[in-house]
Every structure is written in C-alpha cells, then in structure tokens.
Amino acid sequence: MESEGTGFPPSGSGPTEVFNSIRERTIAENSMVVLLQGLQGEVTTVDLRNESSARGRVVNVDAFMNIRLNDVVYRDGRGQVTQLQDLFITGRNVRYVHIPDHMDIMKTIESQLAKIHRVRNFASHGGGRKEYKKNTK
Amino acid sequence: MVLLKNLRPPTEGVRHEQAETTAVMGGEKLGCGTLYVAETRLSWFDGAGLGFCLEYPTIGLHAISRDVSAYPQEHLYVMVNGKVGDENVAEMAEKADDEEEDDSSSSGGDDDDEDGAITEIRFVPSDKAALESMFSAMCECQALHPDPEDDDSDNDFEGEEYDVEEAEAEHGHADIPTFYTCDEGLSTLTQEGQATLERLEGMLAQSVAQQYHMAGVRTEETNAEFEDGMEVDAAAMEAGQFEDADVEH
C-alpha cells in the first residue's frame with residue numbers, strides 16, 4: 001500500500017496512521033466510517049459481534065472499519081476480563097462502537113471530511129463545496 | 001490434533017517471519033516453530049513439515065497480550081471465527097492453490113459465525129520484543145483483506161486507483177473521474193482502440209446472433225471467444241475483417 005506522504009497532525013500517543021490509499025479515502029468519505037476515524041485518540045468501547053467487548057484508546061480506524069486499540073480491557077462473551085496492550089479488531093467483527101458522550105458528532109464528521117479534502121485537494125462528489133478552498137499548485 | 005502435512009511456508013509477500021515461536025491452539029500446545037505473516041495468509045510450521053494456516057478473513061481479531069495473569073507468557077493472541085479443525089484445514093489447503101476466496105464458505109463461514117464458535121490461537125515467541133512487529137505485520141496484512149460481504153463500503157473505486165495528481169496533470173483540472181461520452185470517446189481512440197472497439201461490437205453482435213443460429217457461427221465456441229479474445233467472426237458485421245487472425249479453435 002502506498003503511503004500518501006501527507007499526514008494529519010498527530011493526536012494522542014504513537015504514530016498517526018493516514019489513509020493508505022485513494023480507494024480507502026473514498027470509501028471513508030462516503031460512509032459513516034469517517035465518524036469512527038474521528039475517534040482517534042479517544043477512549044471508548046467497541047462491542048463485537050461475538051458478544052465480547054473491548055475498551056481502550058482508539059489508535060486507528062480504517063475505511064473497512066478495522067479498529068486498532070491501545071491499552072485495552074477485553075471482556076469475552078463469558079465475562080472474563082483480560083488486558084491487552086494492542087488490539088486489532090477486524091471490521092467484520094464490529095457490532096457497535098460507542099461514541100463518547102463528550103463528542104460532537106457533526107463537528108467530528110465535518111472535520112474529518114475537511115481533512116480528506118485538504119489532502120485530496122479537490123471538491124467532493126457533491127459537486128464543489130466552496131467553503132473548502134482549493135490550494136493552487 | 002490439527003496439523004496438515006505437505007504445506008509449505010510461503011515464499012512471497014512475507015511481511016514478518018518469527019522463528020522460535022510456540023503455537024497454542026485452543027489451549028493445546030502444538031510445538032515450537034516459525035510463524036509466517038504473509039500477505040496471502042498467516043501460517044505456522046514446526047520445521048518438520050507440519051503446520052497450519054489461517055485465512056485473514058477468518059481472523060476476528062489479534063492482539064498483544066502482556067497480561068501474565070491471563071496467560072503466563074507474553075504472546076500474540078489471534079481469535080479465529082469458527083473452528084479450526086481438520087476439515088477446515090483441509091479446505092484451506094485446497095484454497096491455497098486459488099488466489100481468491102470464493103463464495104463457498106471458508107473455514108470462517110457464516111454458520112460458524114452464527115454459532116459463535118471461535119478458536120483461540122496464541123503465538124508465543126521466545127523473543128518478546130518481536131511481538132510489536134508481529135502485531136503490526138498482521139495489522140497490515142489484515143487490512144489487505146477487507147470483508148468481501150460488506151455492503152456498506154461500496155468500493156466506488158474498484159480496479160485501478162484514481163490518482164488525482166495524475167489526472168490533474170493530464171486533464172488540467174481537478175475533477176471526479178471523467179467518463180467519456182460516446183462522441184468524445186470515439187475521437188480519442190487510437191487505431192488499436194478503434195479495432196478493439198469494433199471487435200468487441202462484433203462479438204456482441206455475434207453473441208446475439210447465436211440465438212438465431214446464423215450460418216457460419218460456431219455455437220460451441222462462444223466461450224472460447226471471450227477467453228482468448230482472438231476469434232473468427234464469420235458472421236460478424238464486418239465480414240472478413242479478421243481473416244488474418246489466428247484460428248485457435
């Protein structure tokens with residue numbers, strides 16, 4: 001996968017992961033995954049489809065809803081609790097992602113989309129959102 | 001025991017290789033061997049020719065566990081959807097020949113998901129410092145295998161990626177990918193493109209004509225035409241155009 005080279009300002013600990021492909025960026029832009037991507041750095045709970053749950057700090061969410069968490073408390077379907085340093089949940093296994101109460105959902109979505117547009121540097125497929133200024137090359 | 005003979009370690013696309021790694025499946029120690037985190041699949045071999053492999057779409061999650069109260073050794077934890085049993089492992093070996101996952105359920109099929117059956121696998125390397133690399137390599141490889149059944153991510157850009165910078169350079173303006181209208185498109189076709197277009201149109205015409213059993217049309221070889229692309233179009237609208245084409249039927 002190619003790295004885009006341009007990164008978002010790092011938030012939280014560790015290297016920030018950027019969109020690795022144009023395809024992922026497009027998928028993200030056209031779905032609610034952008035909201036989850038705005039959770040980077042937040043501590044939250046992810047409920048999995050197998051009745052287990054994981055609570056930790058969001059390191060990264062990619063366009064396929066694969067979620068990477070740090071410092072995780074993992075509770076399995078039987079209620080057994082373990083601690084995991086790093087956890088990667090395959091998107092397919094995610095049932096819910098809890099959004100922290102303090103987060104403004106609309107603002108998060110808007111700022112994520114703004115980041116995409118800054119990186120991509122052209123109008124969204126909605127046909128030109130003039131509030132996002134194009135950089136001239 | 002869940003081991004399959006005659007599997008070979010991957011040679012290409014190996015993002016991480018970790019020797020001296022003990023594999024524990026469902027609580028059962030399988031021995032010490034080498035873990036291969038390859039782009040196609042995850043596999044482990046004990047060095048004596050026995051091993052198993054896991055397809056990424058079947059992996060529900062993976063993690064670094066340093067909690068020795070949960071398990072006495074620091075390890076890479078992998079949760080597989082479904083049971084990794086002899087049948088499933090056999091299926092995986094067959095699929096190892098295919099490049100792609102097909103519709104038939106792989107070892108992590110829907111039935112297993114609904115049952116909630118999972119298999120827990122732990123990879124315990126002797127070098128604990130390698131856990132982060134192992135984990136990262138798995139993250140990268142997992143991301144290469146997005147869920148094919150996912151309806152939401154509609155894959156707006158299947159196939160070649162659209163490079164904005166390239167497009168801007170070519171077209172001089174930033175825009176969503178442009179598709180040529182018929183007239184515009186025709187004028188930009190090269191001679192080769194023109195020939196291809198005519199050939200494809202001929203093939204279309206012929207396949208429609210098939211239904212009416214027109215003379216000169218070889219009904220058995222319709223499929224072959226689409227496969228090799230070089231066909232004899234006896235009944236094509238531009239008769240004689242392909243007389244010099246190789247007849248491979």
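In which sense do strand β1 (residues 43–48) of chain A and β2(A) pair, and over how many bridges? The two strands run in the antiparallel sense and share five bridges; strands are DSSP runs (E, at least two residues) numbered from the N terminus, and two of them pair if DSSP finds at least two bridges between them. This is a predicted model, in which local features need pLDDT of at least 70, while totals for chains, interfaces and linings use all residues. Residues are numbered from 1 along each chain as its sequence is written, and chains are lettered from A in the order in which they are written.

Four residues separate β1(A) and β2(A) in their hairpin, and A:Glu51 in the turn has a positive phi of about 70 degrees.

Strand β2 (residues 53–61) of chain A also pairs with strand β3 (residues 67–75) of chain A, in the antiparallel sense over seven bridges. Here A:Val58 lies opposite A:Leu69 in β3(A). The hairpin of β2(A) and β3(A) has five residues between the strands, and A:Met65 takes a positive phi near 65 degrees. Seven of the nine residues of β2(A) are buried, that is, under 20% relative accessible area with a 1.4 Å probe, protein chains only.

The account now turns to a cavity. The lining of the second largest cavity includes A:Phe64, A:Asn66, B:Pro57 and B:His145; a cavity is a set of points on a 1 Å grid over the protein atoms alone where a 1.4 Å probe fits but cannot get out, and lining residues have an atom within 4 Å of a point.

Notes:
Predicted model: local features only at pLDDT ≥ 70, side-chain atom pairs only at ≥ 80, totals over all residues. Heavy atoms only, no water. 1 Å grid on protein atoms, 1.4 Å probe; cavity = no way out; pocket = protein on both sides within 12 Å on 5 of 7 lines; lining within 4 Å. Buried < 20%, exposed > 50% of the residue type's maximum accessible area, 1.4 Å probe, protein only.
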